[in-house]
Amino acid sequence: MKKIPRIAAIVLAVTLLLMSLAGCSAADGKTHLTFQIWDVAQRDGMQAICDAYTAQNPDVVIEVQVTSWNEYWTKLEAAAESNTMPDIFWMHTNQILYYSDFGMLADVTDLYDDVDPNFYSDHYSEISLSNAMGSDGRIYGVPKDKDNICLVYNKEMFDAAGVSYPDESWTWDDLTSASQKIYDTTGKYGYLAYADDQLGYWNFVYQAGGYILNEDKTQAGFTHPATQKAMEFYIGLQSNDWCPDQGYFAQTAPGVAFFSEAGSMFLEGNWNLRQEMLDYPNMVGKWDVAVLPKCPDPVSGDGRATISNGLCYSTAARGKNLELVKDVLKFFGSEEGQRIQGLSGAAVPAYDGLEETWISAFDQFDYDLNLGIVVDQFEYCVQSVNNASRPKWKSLVSDELIKIYSGQVDIDTGLANMQQMVDNASAVS
(Lines give C-alpha, C1' and ligand atoms only; values in the text may rest on other atoms or scores of the structure.)
Protein backbone atom coordinates (compact mmCIF):
# COMPACT_ATOMS: atom_id res chain seq x y z
CA MET A 1 0.00 0.00 0.00
CA LYS A 2 1.20 3.56 -0.57
CA LYS A 3 2.81 5.32 2.37
CA ILE A 4 1.14 8.19 4.18
CA PRO A 5 3.20 11.33 4.88
CA ARG A 6 5.41 11.19 7.96
CA ILE A 7 3.65 14.15 9.59
CA ALA A 8 0.25 12.51 9.10
CA ALA A 9 1.58 9.34 10.68
CA ILE A 10 2.73 11.27 13.74
CA VAL A 11 -0.59 13.05 14.07
CA LEU A 12 -2.36 9.71 13.98
CA ALA A 13 -0.09 7.96 16.47
CA VAL A 14 -2.45 8.34 19.40
CA THR A 15 -5.39 7.15 17.33
CA LEU A 16 -3.52 4.06 16.19
CA LEU A 17 -2.48 3.28 19.75
CA LEU A 18 -6.11 3.31 20.83
CA MET A 19 -7.07 1.17 17.84
CA SER A 20 -4.38 -1.35 18.75
CA LEU A 21 -6.10 -1.91 22.08
CA ALA A 22 -9.37 -2.80 20.37
CA GLY A 23 -10.61 -6.32 20.86
CA CYS A 24 -8.78 -6.86 24.14
CA SER A 25 -10.47 -8.34 27.18
CA ALA A 26 -11.07 -5.59 29.71
CA ALA A 27 -11.20 -5.64 33.50
CA ASP A 28 -14.86 -6.64 33.31
CA GLY A 29 -13.87 -9.91 31.64
CA LYS A 30 -15.65 -9.02 28.41
CA THR A 31 -14.23 -8.64 24.92
CA HIS A 32 -14.56 -5.05 23.72
CA LEU A 33 -14.68 -4.47 19.97
CA THR A 34 -14.58 -1.22 18.01
CA PHE A 35 -16.81 -0.44 15.04
CA GLN A 36 -15.73 2.52 12.88
CA ILE A 37 -18.19 4.48 10.67
CA TRP A 38 -18.28 7.94 9.06
CA ASP A 39 -21.94 9.00 9.34
CA VAL A 40 -23.08 10.38 12.69
CA ALA A 41 -26.71 10.15 11.54
CA GLN A 42 -26.36 6.36 11.50
CA ARG A 43 -24.60 6.00 14.85
CA ASP A 44 -27.73 5.08 16.80
CA GLY A 45 -28.84 2.55 14.20
CA MET A 46 -25.45 0.88 14.14
CA GLN A 47 -25.26 0.82 17.93
CA ALA A 48 -28.71 -0.79 18.03
CA ILE A 49 -27.44 -3.69 15.91
CA CYS A 50 -24.37 -4.01 18.11
CA ASP A 51 -26.49 -4.03 21.27
CA ALA A 52 -28.71 -6.73 19.77
CA TYR A 53 -25.63 -8.90 19.24
CA THR A 54 -24.48 -8.24 22.81
CA ALA A 55 -27.93 -9.25 24.10
CA GLN A 56 -27.30 -12.67 22.59
CA ASN A 57 -23.59 -12.71 23.47
CA PRO A 58 -23.19 -10.89 26.82
CA ASP A 59 -19.42 -11.34 26.87
CA VAL A 60 -18.97 -9.13 23.81
CA VAL A 61 -19.36 -5.34 23.86
CA ILE A 62 -19.16 -3.32 20.63
CA GLU A 63 -18.58 0.43 20.58
CA VAL A 64 -19.52 2.48 17.51
CA GLN A 65 -17.05 5.26 16.75
CA VAL A 66 -17.68 8.04 14.21
CA THR A 67 -15.16 10.11 12.26
CA SER A 68 -15.59 12.40 9.25
CA TRP A 69 -15.45 10.94 5.75
CA ASN A 70 -11.97 12.28 4.92
CA GLU A 71 -10.48 11.52 8.32
CA TYR A 72 -11.97 8.02 8.17
CA TRP A 73 -9.93 6.95 5.14
CA THR A 74 -6.73 8.59 6.35
CA LYS A 75 -6.99 6.74 9.66
CA LEU A 76 -7.95 3.45 8.04
CA GLU A 77 -5.03 3.50 5.63
CA ALA A 78 -2.58 4.28 8.41
CA ALA A 79 -4.10 1.56 10.58
CA ALA A 80 -3.90 -0.95 7.73
CA GLU A 81 -0.17 -0.30 7.37
CA SER A 82 0.42 -0.98 11.06
CA ASN A 83 -2.10 -3.85 11.34
CA THR A 84 -4.16 -1.93 13.89
CA MET A 85 -7.40 -1.61 11.96
CA PRO A 86 -10.70 -1.37 13.89
CA ASP A 87 -12.40 -4.68 14.56
CA ILE A 88 -15.34 -3.78 12.30
CA PHE A 89 -15.60 -0.96 9.80
CA TRP A 90 -17.68 0.23 6.89
CA MET A 91 -16.24 -0.32 3.43
CA HIS A 92 -17.24 1.79 0.42
CA THR A 93 -17.22 0.77 -3.24
CA ASN A 94 -14.76 3.61 -3.93
CA GLN A 95 -12.20 1.88 -1.73
CA ILE A 96 -12.96 -1.84 -1.49
CA LEU A 97 -10.85 -2.89 -4.47
CA TYR A 98 -7.90 -0.94 -3.09
CA TYR A 99 -8.07 -2.67 0.29
CA SER A 100 -9.09 -6.14 -0.88
CA ASP A 101 -6.51 -6.32 -3.67
CA PHE A 102 -3.78 -5.57 -1.13
CA GLY A 103 -5.00 -8.37 1.14
CA MET A 104 -6.14 -6.07 3.92
CA LEU A 105 -9.74 -7.36 4.18
CA ALA A 106 -10.93 -10.70 5.48
CA ASP A 107 -12.55 -12.97 2.90
CA VAL A 108 -16.13 -13.68 4.03
CA THR A 109 -17.27 -15.55 0.93
CA ASP A 110 -17.93 -18.71 2.96
CA LEU A 111 -19.32 -16.98 6.03
CA TYR A 112 -22.79 -18.50 5.78
CA ASP A 113 -21.89 -21.91 4.36
CA ASP A 114 -22.92 -23.65 7.59
CA VAL A 115 -26.34 -21.97 7.35
CA ASP A 116 -26.95 -22.01 3.61
CA PRO A 117 -24.32 -22.10 0.83
CA ASN A 118 -26.68 -19.92 -1.26
CA PHE A 119 -27.34 -17.41 1.52
CA TYR A 120 -25.81 -14.43 -0.27
CA SER A 121 -27.47 -15.03 -3.63
CA ASP A 122 -30.81 -15.86 -2.02
CA HIS A 123 -31.00 -12.68 0.06
CA TYR A 124 -28.91 -10.03 -1.68
CA SER A 125 -29.11 -8.47 -5.13
CA GLU A 126 -26.37 -8.78 -7.70
CA ILE A 127 -25.50 -5.11 -7.19
CA SER A 128 -25.21 -5.51 -3.41
CA LEU A 129 -22.89 -8.48 -3.83
CA SER A 130 -20.83 -6.74 -6.50
CA ASN A 131 -20.35 -3.81 -4.10
CA ALA A 132 -18.77 -6.23 -1.62
CA MET A 133 -16.49 -8.05 -4.08
CA GLY A 134 -12.81 -7.72 -4.73
CA SER A 135 -11.20 -7.93 -8.16
CA ASP A 136 -10.94 -11.70 -7.71
CA GLY A 137 -14.71 -12.11 -7.35
CA ARG A 138 -14.49 -13.07 -3.67
CA ILE A 139 -16.62 -11.30 -1.04
CA TYR A 140 -14.78 -9.03 1.37
CA GLY A 141 -17.67 -7.56 3.31
CA VAL A 142 -21.21 -8.40 4.36
CA PRO A 143 -23.63 -6.18 2.39
CA LYS A 144 -25.04 -3.46 4.62
CA ASP A 145 -27.44 -1.28 2.64
CA LYS A 146 -28.58 -0.30 -0.83
CA ASP A 147 -29.66 3.00 -2.30
CA ASN A 148 -30.60 4.89 -5.41
CA ILE A 149 -31.02 8.46 -6.61
CA CYS A 150 -34.36 10.26 -6.68
CA LEU A 151 -35.69 13.64 -7.78
CA VAL A 152 -36.48 16.01 -4.90
CA TYR A 153 -38.89 18.83 -5.72
CA ASN A 154 -40.51 21.82 -4.03
CA LYS A 155 -44.30 21.43 -4.14
CA GLU A 156 -45.01 25.09 -3.39
CA MET A 157 -42.95 26.29 -6.33
CA PHE A 158 -44.68 23.81 -8.63
CA ASP A 159 -48.06 24.99 -7.38
CA ALA A 160 -47.14 28.64 -7.87
CA ALA A 161 -46.11 27.95 -11.49
CA GLY A 162 -49.14 25.77 -12.18
CA VAL A 163 -46.94 22.79 -13.02
CA SER A 164 -48.02 19.24 -12.20
CA TYR A 165 -45.76 17.34 -9.82
CA PRO A 166 -43.17 14.98 -11.33
CA ASP A 167 -44.36 11.40 -11.86
CA GLU A 168 -43.43 8.23 -13.78
CA SER A 169 -44.37 9.87 -17.10
CA TRP A 170 -41.81 12.63 -16.77
CA THR A 171 -38.96 12.86 -19.29
CA TRP A 172 -35.97 15.17 -19.65
CA ASP A 173 -38.23 17.48 -21.62
CA ASP A 174 -40.61 17.81 -18.67
CA LEU A 175 -37.66 18.57 -16.40
CA THR A 176 -36.54 21.49 -18.55
CA SER A 177 -40.06 22.74 -19.24
CA ALA A 178 -40.98 22.78 -15.56
CA SER A 179 -37.70 24.48 -14.69
CA GLN A 180 -38.41 27.27 -17.16
CA LYS A 181 -41.98 27.81 -15.98
CA ILE A 182 -40.97 27.89 -12.32
CA TYR A 183 -38.19 30.37 -13.06
CA ASP A 184 -40.47 32.60 -15.12
CA THR A 185 -43.18 32.58 -12.44
CA THR A 186 -41.24 32.66 -9.18
CA GLY A 187 -37.74 33.82 -10.08
CA LYS A 188 -36.40 30.68 -8.39
CA TYR A 189 -33.99 28.28 -10.02
CA GLY A 190 -35.36 25.17 -11.69
CA TYR A 191 -33.38 21.93 -11.65
CA LEU A 192 -30.02 22.39 -9.93
CA ALA A 193 -27.73 20.63 -12.43
CA TYR A 194 -24.68 20.05 -10.29
CA ALA A 195 -21.61 18.59 -12.05
CA ASP A 196 -21.53 15.51 -9.86
CA ASP A 197 -21.25 11.92 -11.04
CA GLN A 198 -23.39 9.72 -8.77
CA LEU A 199 -25.81 12.57 -7.96
CA GLY A 200 -25.72 13.98 -11.46
CA TYR A 201 -24.67 13.03 -14.97
CA TRP A 202 -24.07 9.29 -14.45
CA ASN A 203 -27.84 8.76 -14.16
CA PHE A 204 -28.49 10.59 -17.44
CA VAL A 205 -25.75 8.69 -19.27
CA TYR A 206 -27.26 5.31 -18.43
CA GLN A 207 -30.78 6.55 -19.16
CA ALA A 208 -29.63 7.44 -22.69
CA GLY A 209 -28.14 3.98 -23.15
CA GLY A 210 -24.55 5.02 -22.62
CA TYR A 211 -22.02 3.93 -20.01
CA ILE A 212 -19.09 5.26 -18.02
CA LEU A 213 -17.25 1.92 -17.94
CA ASN A 214 -17.81 -1.00 -20.28
CA GLU A 215 -19.05 -4.36 -19.00
CA ASP A 216 -15.66 -5.72 -18.00
CA LYS A 217 -14.65 -2.30 -16.60
CA THR A 218 -11.53 -2.01 -18.73
CA GLN A 219 -12.51 0.98 -20.88
CA ALA A 220 -14.56 4.15 -20.57
CA GLY A 221 -17.60 5.06 -22.64
CA PHE A 222 -17.32 8.85 -22.83
CA THR A 223 -17.03 8.77 -26.63
CA HIS A 224 -19.97 6.40 -27.05
CA PRO A 225 -22.80 8.16 -28.95
CA ALA A 226 -25.34 7.63 -26.16
CA THR A 227 -22.94 8.94 -23.53
CA GLN A 228 -22.16 11.98 -25.65
CA LYS A 229 -25.89 12.60 -26.10
CA ALA A 230 -26.47 12.58 -22.34
CA MET A 231 -23.42 14.68 -21.54
CA GLU A 232 -24.40 17.30 -24.10
CA PHE A 233 -27.86 17.49 -22.56
CA TYR A 234 -26.67 17.61 -18.95
CA ILE A 235 -23.86 20.09 -19.49
CA GLY A 236 -26.15 22.18 -21.68
CA LEU A 237 -28.60 22.70 -18.83
CA GLN A 238 -26.22 25.27 -17.35
CA SER A 239 -26.81 27.55 -20.34
CA ASN A 240 -30.36 28.21 -19.13
CA ASP A 241 -31.12 31.17 -16.87
CA TRP A 242 -32.93 28.83 -14.50
CA CYS A 243 -29.77 26.79 -13.77
CA PRO A 244 -26.86 28.14 -11.70
CA ASP A 245 -23.36 27.69 -13.09
CA GLN A 246 -20.75 25.48 -11.44
CA GLY A 247 -19.17 28.48 -9.74
CA TYR A 248 -22.38 28.79 -7.74
CA PHE A 249 -22.21 25.14 -6.69
CA ALA A 250 -18.59 25.57 -5.62
CA GLN A 251 -19.97 27.81 -2.88
CA THR A 252 -23.44 26.33 -2.33
CA ALA A 253 -24.29 22.63 -2.45
CA PRO A 254 -27.51 21.75 -4.33
CA GLY A 255 -29.17 20.50 -1.15
CA VAL A 256 -28.39 23.71 0.68
CA ALA A 257 -29.78 25.76 -2.20
CA PHE A 258 -32.93 23.64 -2.33
CA PHE A 259 -33.70 23.73 1.39
CA SER A 260 -33.07 27.47 1.51
CA GLU A 261 -35.75 27.63 -1.21
CA ALA A 262 -33.47 29.03 -3.88
CA GLY A 263 -34.19 26.22 -6.32
CA SER A 264 -37.06 23.85 -7.11
CA MET A 265 -35.41 20.49 -7.90
CA PHE A 266 -32.22 18.51 -7.31
CA LEU A 267 -31.04 14.90 -7.32
CA GLU A 268 -30.57 13.29 -3.91
CA GLY A 269 -29.58 9.92 -2.54
CA ASN A 270 -32.31 8.27 -0.51
CA TRP A 271 -29.83 7.82 2.36
CA ASN A 272 -30.09 11.56 3.12
CA LEU A 273 -33.87 11.95 3.12
CA ARG A 274 -34.57 11.13 6.76
CA GLN A 275 -31.84 13.44 8.02
CA GLU A 276 -33.15 16.24 5.81
CA MET A 277 -36.61 15.81 7.33
CA LEU A 278 -34.97 16.26 10.73
CA ASP A 279 -32.66 19.11 9.74
CA TYR A 280 -35.31 21.23 8.00
CA PRO A 281 -38.50 20.91 10.06
CA ASN A 282 -39.87 24.16 8.57
CA MET A 283 -39.79 22.50 5.15
CA VAL A 284 -41.73 19.36 6.08
CA GLY A 285 -44.75 19.13 3.79
CA LYS A 286 -43.28 21.57 1.27
CA TRP A 287 -41.25 19.00 -0.64
CA ASP A 288 -41.45 15.44 -1.88
CA VAL A 289 -39.57 12.88 -3.99
CA ALA A 290 -40.20 11.32 -7.40
CA VAL A 291 -38.58 8.82 -9.74
CA LEU A 292 -35.92 10.22 -12.04
CA PRO A 293 -37.20 11.62 -15.33
CA LYS A 294 -36.43 9.23 -18.19
CA CYS A 295 -34.64 9.90 -21.46
CA PRO A 296 -37.34 10.54 -24.10
CA ASP A 297 -35.32 9.06 -26.99
CA PRO A 298 -32.59 6.74 -25.69
CA VAL A 299 -30.05 5.28 -28.10
CA SER A 300 -30.84 1.96 -26.44
CA GLY A 301 -32.94 0.74 -23.53
CA ASP A 302 -36.19 2.16 -22.19
CA GLY A 303 -34.77 5.44 -20.92
CA ARG A 304 -34.89 4.56 -17.24
CA ALA A 305 -31.89 4.24 -14.92
CA THR A 306 -30.70 5.39 -11.52
CA ILE A 307 -27.32 4.81 -9.94
CA SER A 308 -27.32 2.41 -6.99
CA ASN A 309 -24.61 2.00 -4.40
CA GLY A 310 -24.31 0.34 -1.01
CA LEU A 311 -21.86 -0.16 1.81
CA CYS A 312 -20.67 -3.36 3.43
CA TYR A 313 -19.36 -4.39 6.83
CA SER A 314 -15.72 -5.50 6.71
CA THR A 315 -12.93 -6.59 9.02
CA ALA A 316 -9.16 -6.90 8.76
CA ALA A 317 -7.66 -10.06 7.28
CA ARG A 318 -5.28 -10.31 10.24
CA GLY A 319 -7.50 -9.01 13.01
CA LYS A 320 -6.78 -10.05 16.60
CA ASN A 321 -10.27 -11.47 17.10
CA LEU A 322 -11.00 -12.54 13.54
CA GLU A 323 -13.27 -15.51 14.27
CA LEU A 324 -15.31 -13.59 16.85
CA VAL A 325 -15.67 -10.60 14.53
CA LYS A 326 -16.76 -12.86 11.69
CA ASP A 327 -19.56 -14.08 13.95
CA VAL A 328 -20.57 -10.46 14.54
CA LEU A 329 -20.58 -9.79 10.80
CA LYS A 330 -22.67 -12.91 10.31
CA PHE A 331 -25.30 -11.41 12.61
CA PHE A 332 -25.08 -8.00 10.92
CA GLY A 333 -25.93 -9.67 7.62
CA SER A 334 -28.75 -11.79 8.97
CA GLU A 335 -32.41 -10.91 8.53
CA GLU A 336 -32.58 -9.88 12.19
CA GLY A 337 -29.57 -7.59 11.98
CA GLN A 338 -30.68 -6.02 8.73
CA ARG A 339 -34.21 -5.49 10.05
CA ILE A 340 -32.85 -3.52 13.02
CA GLN A 341 -30.98 -1.24 10.62
CA GLY A 342 -34.10 -0.64 8.56
CA LEU A 343 -36.33 0.11 11.52
CA SER A 344 -33.76 2.59 12.83
CA GLY A 345 -33.99 4.57 9.60
CA ALA A 346 -30.24 4.33 9.12
CA ALA A 347 -30.52 3.09 5.53
CA VAL A 348 -32.43 0.71 3.27
CA PRO A 349 -31.26 -2.79 4.25
CA ALA A 350 -29.35 -4.64 1.56
CA TYR A 351 -31.29 -7.78 2.56
CA ASP A 352 -34.03 -8.25 -0.04
CA GLY A 353 -37.59 -7.91 1.22
CA LEU A 354 -36.84 -5.53 4.10
CA GLU A 355 -37.24 -2.26 2.20
CA GLU A 356 -40.47 -1.41 4.03
CA THR A 357 -38.66 -1.39 7.38
CA TRP A 358 -36.76 1.69 6.24
CA ILE A 359 -39.95 3.39 5.06
CA SER A 360 -41.59 2.74 8.45
CA ALA A 361 -38.85 4.76 10.16
CA PHE A 362 -40.39 7.89 8.59
CA ASP A 363 -43.64 7.39 10.53
CA GLN A 364 -42.33 9.87 13.11
CA PHE A 365 -43.00 12.75 10.72
CA ASP A 366 -46.35 14.47 10.14
CA TYR A 367 -45.90 14.29 6.37
CA ASP A 368 -45.39 11.10 4.35
CA LEU A 369 -42.83 11.36 1.59
CA ASN A 370 -43.53 9.25 -1.49
CA LEU A 371 -40.84 6.75 -0.50
CA GLY A 372 -42.36 3.91 -2.43
CA ILE A 373 -40.66 5.33 -5.51
CA VAL A 374 -37.27 4.47 -3.99
CA VAL A 375 -38.28 0.81 -3.80
CA ASP A 376 -39.75 0.95 -7.32
CA GLN A 377 -36.49 2.24 -8.76
CA PHE A 378 -34.51 -0.77 -7.55
CA GLU A 379 -35.94 -2.61 -10.57
CA TYR A 380 -33.77 -0.62 -12.99
CA CYS A 381 -30.78 0.39 -10.90
CA VAL A 382 -27.27 0.53 -12.33
CA GLN A 383 -24.32 -0.23 -10.07
CA SER A 384 -22.25 2.76 -9.03
CA VAL A 385 -19.33 3.01 -11.44
CA ASN A 386 -16.09 1.58 -10.12
CA ASN A 387 -12.95 -0.31 -11.05
CA ALA A 388 -9.58 -0.80 -9.40
CA SER A 389 -8.12 2.26 -11.12
CA ARG A 390 -10.91 4.66 -10.16
CA PRO A 391 -8.80 6.42 -7.48
CA LYS A 392 -6.43 7.36 -10.33
CA TRP A 393 -8.99 8.73 -12.78
CA LYS A 394 -11.86 10.07 -10.67
CA SER A 395 -10.39 13.49 -9.88
CA LEU A 396 -8.90 13.83 -13.38
CA VAL A 397 -12.30 13.27 -14.98
CA SER A 398 -13.98 15.69 -12.57
CA ASP A 399 -11.41 18.39 -13.33
CA GLU A 400 -11.82 17.91 -17.07
CA LEU A 401 -15.60 18.17 -16.74
CA ILE A 402 -15.23 21.55 -15.05
CA LYS A 403 -13.01 22.67 -17.93
CA ILE A 404 -15.84 21.82 -20.31
CA TYR A 405 -18.33 23.76 -18.18
CA SER A 406 -16.04 26.79 -18.01
CA GLY A 407 -15.38 26.78 -21.76
CA GLN A 408 -11.68 25.98 -21.48
CA VAL A 409 -12.22 23.00 -23.78
CA ASP A 410 -15.09 22.14 -26.10
CA ILE A 411 -17.28 19.20 -25.18
CA ASP A 412 -15.97 16.83 -27.88
CA THR A 413 -12.37 17.45 -26.88
CA GLY A 414 -13.19 17.21 -23.19
CA LEU A 415 -15.03 13.90 -23.54
CA ALA A 416 -12.17 12.50 -25.62
CA ASN A 417 -9.74 13.56 -22.90
CA MET A 418 -11.92 11.93 -20.22
CA GLN A 419 -12.01 8.74 -22.27
CA GLN A 420 -8.23 8.68 -22.50
CA MET A 421 -7.78 9.39 -18.79
CA VAL A 422 -9.89 6.42 -17.78
CA ASP A 423 -8.49 4.08 -20.42
CA ASN A 424 -4.88 4.91 -19.58
CA ALA A 425 -5.44 4.46 -15.85
CA SER A 426 -7.33 1.20 -16.35
CA ALA A 427 -4.61 -0.20 -18.61
CA VAL A 428 -1.94 0.10 -15.91
CA SER A 429 -4.02 -0.83 -12.86
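Trainee: How much space lies in the second largest cavity?
Mentor: About 40 Å³. Keep in mind that this is a predicted model.

Trainee: How many cavities of 30 Å³ or more does the count come to?
Mentor: Two.

Trainee: Switching to strands. What order does the open sheet of five strands have?
Mentor: The order is β2-β1-β3-β11-β4. The pairing is mixed.

Trainee: Which strands are at the edges?
Mentor: β2, residues 60-66, and β4, residues 142-143. Each of these pairs on one side only.

Trainee: How do β1 and β2 run, parallel or antiparallel?
Mentor: Parallel. Strand β1 covers residues 31-37, and seven bridges join it to β2.

Trainee: What stands opposite T34?
Mentor: That would be E63, in β2.

Trainee: What holds paired strands like that together, in general?
Mentor: Strands of a sheet pair through backbone hydrogen bonds. That goes for parallel and antiparallel pairs.

Trainee: Now β6 and β9. How many bridges join them?
Mentor: Four, and the two strands run antiparallel. β6 spans residues 149-154. Its Y153 stands opposite D288 in β9.

Trainee: Which residues are on each side of β9?
Mentor: β9 is residues 287-290. W287 and V289 are on one side, D288 and A290 on the other. All four are buried, so both faces of the strand are covered.

Trainee: Where does V284 lie?
Mentor: In the loop between α14, residues 273-279, and β9. V284 is partly exposed, with a relative accessible area of 26%.

Trainee: How far apart are V284 and A220?
Mentor: They are 64 residues apart in sequence. In space the distance is 41 Å, C-alpha to C-alpha.

Trainee: On to helices. Which residues of α16 are buried?
Mentor: G337, Q338, Q341 and G342. The helix itself is residues 335-344.

Trainee: Where do they sit around the axis?
Mentor: On the same side of α16, because they cover an arc of only 135 degrees.

Trainee: What follows α16?
Mentor: G345 does. Its phi is positive, near 85 degrees.

Trainee: What about W393, buried or exposed?
Mentor: Buried, at 2% relative accessibility. W393 lies in helix α19, residues 390-406.

Trainee: And how far is W393 from V374?
Mentor: In sequence, 19 residues. In space, 30 Å from C-alpha to C-alpha.

Trainee: Why is C243 in no disulfide?
Mentor: A disulfide needs two cysteine sulfur atoms within 2.5 Å. The nearest cysteine sulfur to C243 is that of C295, 18 Å away, so C243 has no partner.

Trainee: What about C312?
Mentor: C312 is in no disulfide either. Its nearest cysteine sulfur belongs to C50, 16 Å away.

Notes. Residues numbered from 1 in each chain as written. Predicted model: local features only at pLDDT ≥ 70, side-chain atom pairs only at ≥ 80, totals over all residues. Heavy atoms only, no water. Buried < 20%, exposed > 50% of the residue type's maximum accessible area, 1.4 Å probe, protein only. Arc of directions from axis to C-beta. 1 Å grid on protein atoms, 1.4 Å probe; cavity = no way out; pocket = protein on both sides within 12 Å on 5 of 7 lines; lining within 4 Å. Points joined across faces, edges and corners; volume = space filled by probe spheres on them. Pairing = 2+ DSSP bridges.
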